[in-house]
Amino acid sequence: MAPAGSRRGLGIGELLLDEGFWGHRQATNGDATLQHCYDWMERLGWLANFDRVADGTTGGHRPGWQFSDSEVYKLLEALAWETGRSPNPRLERMWEPLVQRIASAQDEDGYLNTCYGHPGQPGRYTDLSSGHELYCYGHLFQAAVARLRCHGHDLLTEVARRAADHVCEVFGPDGRAGICGHPEVEMGLAELGRALEEPRYTEQARLFLERRGHGSLPPIPLLSSAYFQDDVPVRHARVLRGHAVRALYLAAGAVDVAVDTGDPELLGAVEEQWATTVERRTYITGGMGSRHQDEGFGDDWELPPDRAYCETCAGIGSVMLSWRLQLASDDVRYADLIERTFFNVIAASPREDGRAFFYANPLQQREPGTEVLADAVNPRAEGGVRAPWFDVSCCPTNVARTLATWQAYAATVEETGAKVLLTLAQYAAGDLRVVLDGGETIALRVETDYPDDGQVRITVVEMPPAVELTIRLRVPHWADAATVLVAGHRPEPVDTGWATVPGTLTTGDVVELDLPMPPRMTVADPRVDAVRGTVAVERGPLVLCLESVDLPDGVALEQVRLLTTEKLAAVGDGALAQVRLAPLPDATPGTVPFRRLDPPAAAHGPHEPAAHGRALSVPLVPYHRWAERGPSTMRIFLPSSTPGT
Ligand SMILES: [Zn+2]
């Protein structure tokens, strides 16, 4: 393991994206999503909640859930990153009045919450299981850190510092031994401690972590203490369980604490939890959480495609966790999962215009979604159509802050004296300007149409003379027959994993990475019963799906059988697949949809007879774009026409 802190991600201004896949989404996020979130929160009174605390008029009725303050903080975080990357006067004007309103609601002793502790409201910290007060602070701290990193100290730094001091006072070593039902404050405190060089905050994060797992939170009806990871101490758990977002935020906070306090046992425990969770409890999209009831992980191999919950926020939590582990241990598997999750969960959530979102991300839609009201708050988990806002609206602001900081995950930098190791982990076209500790700049130009195309061309534009630059490139787990070409040499085949470009590079050098991405068929581990006998198609980092809108009239999605013996053709960023239509059996009302398995079929196993119906070609499109053409049915896993597949 490299010493903590020697490997860093990119600062927000070190990579400016062109108008490619992520650059386009980032621009839409800045142009539309941030204002959209602000407008909804103003309209619903979530912002005015702060005003009412400030002027002492809280009373008994307060709009929004108890955690709505956190949405305001996530918007602040998104604003900080967005304006930190490149100046944006329109968004910058939002900042100060918003922070002023929040600051005015802070109590004398640093307490800050609009749902508890004021006239007509329940008392402070009277419901640690569900109250989310500490959770809200976590998001406040992350917003303050974003602002600090991009703009330096301002009023929000002081608000966060006073709140963090208050938390340490109330829940410190001599205070109340409580924890929050929804982890997040651990990560927030650790980040703030790092940014302000205040070890008390890191220590408080460590205390919250160590206190967890002893069943101290009063249970919520129908849910066990695993729901909020209070069943097993973090360092003893073997797998992520319970509410997926909570589990992932807690694990991310644990990595922060492990790295900052030098605790290899804790780091190793989270690495093992990650590995087991990815192996057994993660969808092909990278989505996590198969149960709706508790928004939680299911058991091992419990990955139904149609009942998949896969909350957008869980995808974001997964990226946050994997990123921390990538920095801590340099294992390429973390970067691979980040890519899978970014393209197939996070990119799936926002609509093309950035003003509607998926909350749940199922892998199969059996009924077309019902058109949502463009101007209404929607129930959160309704699948099938992206909605402008939700009753519980954690996902839109989470998408906003994550898209605003995509480039932070793109590369890592390690400096050892004059030697610099630059690792490109995620690919997008743009200009990279890495500022070294000594103030010199390494500038690279990255040209690519990724993920439409797997060619990545990197040109060294500027190199300080005294620096020895080595570049490493991620060759994704799916990339067979990848090559690296350094100008003037022959293309060299490279294995999947980290590929080190030979030699040190200097101004004018060009490196070309070629990642062939023909469409490929993928089957699940046979223990994933829900998709046995089916095949998914992927292309490069993209999971593809079949949508009903792409089928001829009169053909139902349930009839389609993929001919696995036929070649897939690449078409645009998707594929063309050869399929055959199976006749749908006549259903008999009043009888269960199951039939006797008669001999001789029983002797050979219960295979579905091969489909003999019409053969046709159907387009498979990237999953992240599904339902952009109106309500449709959709599936990623297609039944195979080949018995036994
Ligand atoms: Zn969410």
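This report walks through the cores, sheets and helices of the structure above.

## About the model

The model is predicted: local features need pLDDT of at least 70, side-chain atom pairs count only at pLDDT 80 or more, and totals for chains, interfaces and linings use all residues. Residues are numbered from 1 along each chain as its sequence is written, and side-chain values use heavy atoms, with hydrogens and water left out.

## Nonpolar cores

Let us start inside. The largest nonpolar core holds 184 residues; such a core is a set of buried Ala, Val, Leu, Ile, Met, Phe, Trp, Tyr and Cys residues joined through side-chain atoms within 4.5 Å. Here buried means under 20% relative accessible area, exposed means over 50%, and partly exposed lies in between (1.4 Å probe, protein chains only). Among the residues with the most contacts inside this core are Leu 76, Phe 141 and Leu 473. Leaving aside residues up to four places away in sequence, Leu 473 touches a group that includes Leu 424, Ile 458, Trp 498 and Leu 513, where contact means heavy atoms within 4.5 Å. A second, separate core of 21 residues includes Val 528, Ala 536, Val 621 and Trp 626.

An open sheet of 5 strands has the order 1-6-7-11-14, and its pairing is mixed. Helices (H or I, at least four residues) and strands (E, at least two) are DSSP runs numbered from the N terminus, and two strands pair if DSSP finds at least two bridges between them. Strand 1 (7-9) and strand 14 (497-500) each have a single partner strand, so one side of each is left without a neighbour in the sheet. Neighbouring strands are turned by 25° against each other on average, direction ignored.

Strand 1 pairs with strand 6 (residues 411-416) in the antiparallel sense over 3 bridges, and Gly 9 stands opposite Thr 412. Strand 7 (residues 419-424) and strand 11 run parallel, joined by 6 bridges, with Leu 422 and Ile 471 as bridge partners. On to strand 14: strand 11 pairs with strand 14 in the antiparallel sense over 4 bridges, and Val 475 stands opposite Gly 497. Strand 11 is largely enclosed by the rest of the structure, because 6 of its 8 residues are buried.

## Helices across the sheet

Helix 11 (residues 312-329) lies across strand 1, strand 6 and strand 14, running at about 150° to strand 1. Helix 12 (residues 332-346) lies across strand 11 (468-475) and strand 14, at about 60° to strand 11. For these angles, axes are lines fitted to C-alpha atoms, for helices over the stretch in contact, and values run from 0 to 180 degrees between N-to-C directions.

Another open sheet has 7 strands in the order 2-8-9-10-15-12-13, with antiparallel pairing. At its edges are strand 2 (15-17) and strand 13 (492-494), each pairing on one side only. The twist averages 20° from one strand to the next. Strand 10 (residues 455-462) and strand 15 (residues 510-514) share 5 bridges in the antiparallel sense, and Arg 457 has Glu 512 as its bridge partner.

## A loop residue

Finally, Ile 220 sits in the loop between helix 8 (199-211) and helix 9 (244-261). Ile 220 counts as partly exposed because its relative accessibility is 22%. Ile 220 and Ser 130 are 90 residues apart in sequence and 8.4 Å apart in space, C-alpha to C-alpha. Not counting residues up to four places away in sequence, Ile 220 touches Ser 130, Tyr 227 and Phe 228.
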